[in-house]
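Hi,

Here is the structure I promised to pass on. Have a look at it first, then read my notes below.

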Amino acid sequence: MISLKRPYEFQSIHSEGFKSYLYEKSLSVGRGTLEGEKWYCEALDRQLAGKEPDRQRLTEQNLMEWLERKPCEKKITQKKRLDFTKRFCRHMQKTDPAVEIPSLVIRDAQSEYVPYIFTKDEIRRIFDAADRYRSTRRSPYLEMAVPTAFRILYGCGLRSHELISLKLGDVDLDRQILFIRDTKFGKSRYVPFSESLGIRLRDYISRRFLSPDAGLWLFASRDDNIPYTTQAVHQWLLNLLHAAGIRHGGRGFGPRVHDFRHTFAVHSIQNRFHEKEDLALILPLLSVYLGHRDLRGTQYYLRLTAEIYPDIQNALLEKYGALTGRDGYEE
């Protein structure tokens, strides 16, 4: 199959720098992360390409238009653009000492978005809608891929780029474990999954793949092994929400694909609490499972659980009140 989409051609004076940056990233990050880095490189290149060469130089003054907050833009979106810019400038400093790393600091960016925690009834309705999903001529495996993908997102708490970066060889059906390579913080981890999800995965793999080639993408659109993108998974979610009768608040307001990860964490804490387990012992395990850098990122979910379920709020605050702050929140 011939792709009709032309590869992007860099036009600014930093075209070789963008190419070397992406090559360097390709050696250390997974496909999902690399996809995001490529998008930022192309966007910055377009921003600079129409300017005079002197105004294309990577100085803090020249970069301010690129870094300033856009109308109706969320602070977290601006911060992600800033973080990329600092990474790229550090790369360019290796060959050009005149490159400046922006001194701009954006604080409390995460606090603007309130995660959407699906109820268990909403999860059921989403799964019902996923089971009715239909394939298209361009994507003949959608009716198998979508129900499996969203059960993995909810059942394992994966980030969307971790989901689409899974290969067939990363699924160990006998031990019921996923091997996650492309993580946010660059650390691989093993993620166990339930017996019911294992049955789903075994059925999906047996129907989807003619040969057990470990290098094949677990979620690919066609037999030519072209993997789905995070944008495709987002579109699946929009379709599922509509079919399940769950309102979407528009771009930037959710529910988002990432909210399945938040929901997994909150439901896990809720279930462990009702089973009388000591959450002080459970949180470190959950932190490792989710791939957080430390326990602070996981403590945030304890606060969310207390806020969402009033029936257990007082008990949580009484026993774990010191652990329910928002400091260290990470996705």
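Are tyrosine 21 and phenylalanine 84 buried or exposed? Both tyrosine 21 and phenylalanine 84 are buried (under 20% relative accessible area, with exposed over 50% and partly exposed in between, for a 1.4 Å probe and protein chains only).

Before you dig in: this is a predicted model, where local features need pLDDT of at least 70, side-chain atom pairs count only at pLDDT 80 or more, and totals for chains, interfaces and linings use all residues. Residues are numbered from 1 along each chain as its sequence is written, and side-chain values use heavy atoms, leaving out hydrogens and water.

Now the rings. Rings of Phe, Tyr and Trp (its six-membered ring) pair if their centres lie within 6.5 Å; planes under 30 degrees apart count as stacked, over 60 as edge-to-face and the rest as tilted. That rule gives 16 aromatic pairs. Tyrosine 21 sits in helix H1 (residues 15–26) and phenylalanine 84 in helix H4 (residues 75–93), 63 residues apart (helices are DSSP runs of H or I, at least four residues, numbered from the N terminus).

Tyrosine 21 also pairs with phenylalanine 88: the centres are 5.5 Å apart and the planes at 90°, so this is edge-to-face too. Phenylalanine 88 has 0% relative accessibility, so that residue counts as buried. One aromatic cluster includes Tyr21, Phe84 and Phe88, with Trp39 and Tyr40 among the other members.

Cheers

Definitions and conventions: Helix = DSSP H or I, 4+ residues; strand = E, 2+ residues; numbered from the N terminus.
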